[in-house]
Amino acid sequence: MKIVVIQGPNLNMLGVRDQSVYGPMRLEQIHLQMKDFATQSGVDIEFYQSNLEGEIVDKIQECYGDAHGIIINPAAYSHTSIAIRDAISAVNLPTIEVHISNIYRREEFRQKSMTAPACTSSIIGFGPFGYHLAMVGMIQILSEIKAMHDAQQGAVEA
Ligand code: DQA
């Protein structure tokens, strides 16, 4: 099983930017913790960060046929990007949107996510721990899909 983690613009500045909102953890530390949990859980994980909308669209498209699930924080593009939303819909993979901060308690322009309706679910406002919750959620979703698939295979073979 392979999960791809896609991080949008300015998330490479975590630990430096707005610590009162995003906390002191750097992106590399978050990814190290996710990697440890993935290893323990027996899943492959890949990390990608870009500040460019088109590159994020390309990465989502690359997941088609390569990954089983996507964890994405589209960052500021969440609030504007129909292109990223369409890419998420197009690949039709289980996708969890993460926001470190509680976007519903922030400026009005952050309170709408353009991309979340294309996702399976969202995890919002838990700080960097939200990425861990997303991993737990994704592993659960993927094991349910596998169980369903195995049951269908069993029914065909019977
Ligand atoms: C964010 C929230 C966005 O509004 C913001 O532009 C970000 C980070 C979050 O994780 O809380 O860059 O996605």
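## The ligand and its surroundings

Let's begin with the ligand, which is surrounded by R17, Y22, N73, A75, A76, H79, H99, I100, S101, I103, R106 and R110. Please keep in mind as you look around that this is a predicted model. The shell around the ligand divides into five nonpolar residues, four polar ones and three charged ones. As for where the ligand sits, you will find it in the largest pocket.

| Side chain | Distance to a ligand oxygen |
|---|---|
| N73 | 2.9 Å |
| H99 | 2.8 Å |
| R110 | 2.9 Å |

How much of the ligand's accessible area does the protein cover? On its own, the ligand has 320 Å² of accessible area, and the protein covers 99% of that.

Now for the cysteines. The structure holds zero disulfides. A disulfide needs the two sulfur atoms to be within 2.5 Å. Looking from the other end, the sulfur of C119 has that of C63 as its closest cysteine sulfur, again at 12 Å and too far for a bond.

Are these two cysteines buried or exposed? C63 is buried, with a relative accessible area of 1%. C119 is buried as well, and its relative accessible area is 11%. Both values fall under the 20% that marks a residue as buried.

Terms used: Residues numbered from 1 in each chain as written. Predicted model: local features only at pLDDT ≥ 70, side-chain atom pairs only at ≥ 80, totals over all residues. Heavy atoms only, no water. Near = heavy atom within 4 Å. Polar contact = N/O pair within 3.5 Å; in protein donor to acceptor, adjacent residues only side chain to side chain. Areas by Shrake-Rupley, 256 points an atom, 1.4 Å probe, with all protein chains shown as cover. 1 Å grid on protein atoms, 1.4 Å probe; cavity = no way out; pocket = protein on both sides within 12 Å on 5 of 7 lines; lining within 4 Å. Sits in = over half its atoms within 2 Å of the grid points. Nonpolar A, V, L, I, M, F, W, Y, C, P; charged D, E, K, R; others polar. Buried < 20%, exposed > 50% of the residue type's maximum accessible area, 1.4 Å probe, protein only.
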